[in-house]
Structures are given as structure tokens and as C-alpha cells.
Amino acid sequence: MLNNLFRTRRRYATLKPRDSEAQKAIPGGLWTKCEECGQIIYNKELKKNLMVCVRCGYHFKVSARERVAQLIDDGTFEELTDQTVFCNVLEFPGYDERIDRARKETGLDSAVLSGTGLLDGHKVVIVCMDFGFIGATMGSMEGERITLAIEKALEDRLPLIIVSTSGGARMHEGMLSLMQMAKTSAALSRFHDAGLLYISVLTSPTYGGVSASFGWLGDIIIAEPKASIGFAGRRTIEQTGERLPEGFQTAEFMLEHGLIDLIVERKALKQTLSKLLDLHNIDRKNPVSVIGLSEADGDSSLETGDAAEGGSADGQ
């Protein structure tokens, strides 16, 4: 009894439940937490900054349509149309439902969006991959779309820009998915033989069959800061007992070892691409590459404008 007399009573605060009407007045989806530094960012500010963290510079994933809007001049993008249709050839269980769900989530019918448009006045063929569509894995439909875009650029003698992101080959299609590596590479070989300019932009993540084919075949290879790039993942490689260096499979590591040419922040990407097109003499009215012209004229170098001051303008 004496113990109870001197025992300090605990005090509790009673909280009234928040009014349900007040809760409804506060809309959700206003903030996003940065995956790198943990900063809470107002979504409007994040979109205004091209989906890049204002504190640490972390580059969030963006959809294919957002990427096109960032790079192509307003009102100039024309999506390439084709007759490709999805077919679950191997009758992989649940694959049809997975495709239907991805189409509803992204508004695309495949992981690839391709078309023509003006980039700072330069007419280009652009291909953008959407990680939201089954991790932008490469199936038969994606490989065909990319190949058709390459052939369109070859036919019209336009520079080609492919913005890649992918988890690799699509397991649901087995060997058919792996065949897309050979198909896209063969198309790029013909494109290269024609002396036309191909710029590859690698974003995070880019792995597997995409990095091992058209991702690495660009005349100029650009990556976004801290992008994860490679073939097999780090954990897969380390299971073989191989010790990997710090920063392995990052854009910075690739640049240091000569595997890519430039690391460019997203806000400067359009301007950088425009300058590269200028350096390769891609005219804003007559978009034919320098190598294409020099081959036609039987001259190995064509010096015009700024290129004449700094040396020959070379398409490679």
C-alpha cells in the first residue's frame, strides 16, 4: 500500500481523432523523398528541376514521354507508326496480363517510344525507353521498334539519338529476346557504314542486352551522373568470387576507364546534344551528316564554320 502511495502517476495526453473532412482537404502525392540523400522535395519543384534532386543532384527515373518533352522542341515530335503487335509466342504464364498492366500504367504499348522531331532546330530520330514498362526489358516488340527507328534515320539520313534504360533481356521471351541484340546491332552497322551520326545516352539503370548491344555502339556515348551501367549486376558478379572496385558500374567509373565520352547533367543534356550536332555539321535546315556529304563528294574531310578553324569536322 505504501508503495502505491509514493509511486509517480503517469500522465497521458489524450489526442482527439483528426476530422475526416480536414484530412480530405489535404491531397496526397505532393512530396517525394530523394532516394540518395533523403531530402523531402515538393513535387512541383522536382518536376520544374527535370526530376533532379535540388539538394544532392540525384537523377530520378523519368518516363519516355517526359524524356521526349525535355529534349525535343515543343510541338515537333511525330511518333513513328508501325504494324508491330505483341504476341506471347512462348505462351509464358502471366505474360499477357503483365503486358496489359504495364500498358495501363505507362500509357505505352511497349517499352520503346520512337519518333522524329526537332532538337534545338536540328531534325533527328529519337528513341526513348521507359523503365516503368516491365523495367524497359527488351522483348521482340522493343527490338523491332528500335530497328525500325534506325532504318528510318538511315532512309532519311538523319542523326539518331537513343536514350537507354533497361534491366536487360526480357525473360518471358527467352532466346527471342536475345536475338534483338543481333538485330539492332546489324541495323546500326548499316547505319554506321552510311557515315551517319549516332549518339547513345545511357541513363540509370542500363544493363544486360541493351548495354551489350546498341547502348555501347554510339559514335558518342553520354551518361547521366551516377548512372548505373553494366552487363551483369554487381551481386551476380561477386557470386563468382570476383572482387569489384569501389564505384564499379557507375558512369564516373566508366568515364575514368574510357568506356563513355561524357557525363552530362540532365538540365544540360539538350544543349550538349545540340552542340554535338553543330560540331558534326548537322544543319538545322538540311540535316545530313558530314561523313555522308564527304562520301558523296569523294572528299575525306569537309571543313565548314567552326569546324574549319579547329580542324576537319569528322563524323566519328
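Visitor: Which residues line the second largest cavity?
Guide: This is a predicted model, in which local features need pLDDT of at least 70, side-chain atom pairs count only at pLDDT 80 or more, and totals for chains, interfaces and linings use all residues. Residues are numbered from 1 along each chain as its sequence is written, and side-chain values use heavy atoms, leaving out hydrogens and water. A cavity is a set of points on a 1 Å grid over the protein atoms alone where a 1.4 Å probe fits but cannot get out, and lining residues have an atom within 4 Å of a point. Those lining the second largest cavity are F86, I99, R103, D109, S110, F133, M141, E142 and R170.

Visitor: Which elements each supply at least two residues of this lining?
Guide: The lining divides into four nonpolar, one polar and four charged residues. Elements are DSSP runs, helices being H or I of at least four residues and strands E of at least two. At least two lining residues each come from α5 and α6.

Visitor: Which residues of α6 are buried?
Guide: Helix α6 covers residues 140-156 and reaches 24 Å from its first C-alpha to its last. Cover for its buried residues includes α5, β4, β5, β6 and α7. With buried meaning under 20% relative accessible area (1.4 Å probe, protein chains only), the residues are M141, E142, G143, R145, I146, T147, A149, I150 and A153.

Visitor: What is the volume of the largest cavity?
Guide: Among the 16 residues that line the largest cavity, K61, V62, R67, T165 and T203 are the closest to its centre. Volume is the space filled by probe spheres set on the points. For the largest cavity, the volume is about 110 Å³.

Conventions: The expected span of a helix is 1.5 Å times one less than its number of residues. Buried means under 20% relative accessible area, exposed over 50%, partly exposed in between (1.4 Å probe, protein chains only). Contact means heavy atoms within 4.5 Å. On a 1 Å grid over the protein atoms alone, a cavity is a set of points where a 1.4 Å probe fits but cannot get out, and a pocket is an open set with protein on both sides within 12 Å along at least five of seven lines; lining residues have an atom within 4 Å of a point. Ala, Val, Leu, Ile, Met, Phe, Trp, Tyr, Cys and Pro count as nonpolar, Asp, Glu, Lys and Arg as charged, and the others, Gly among them, as polar.
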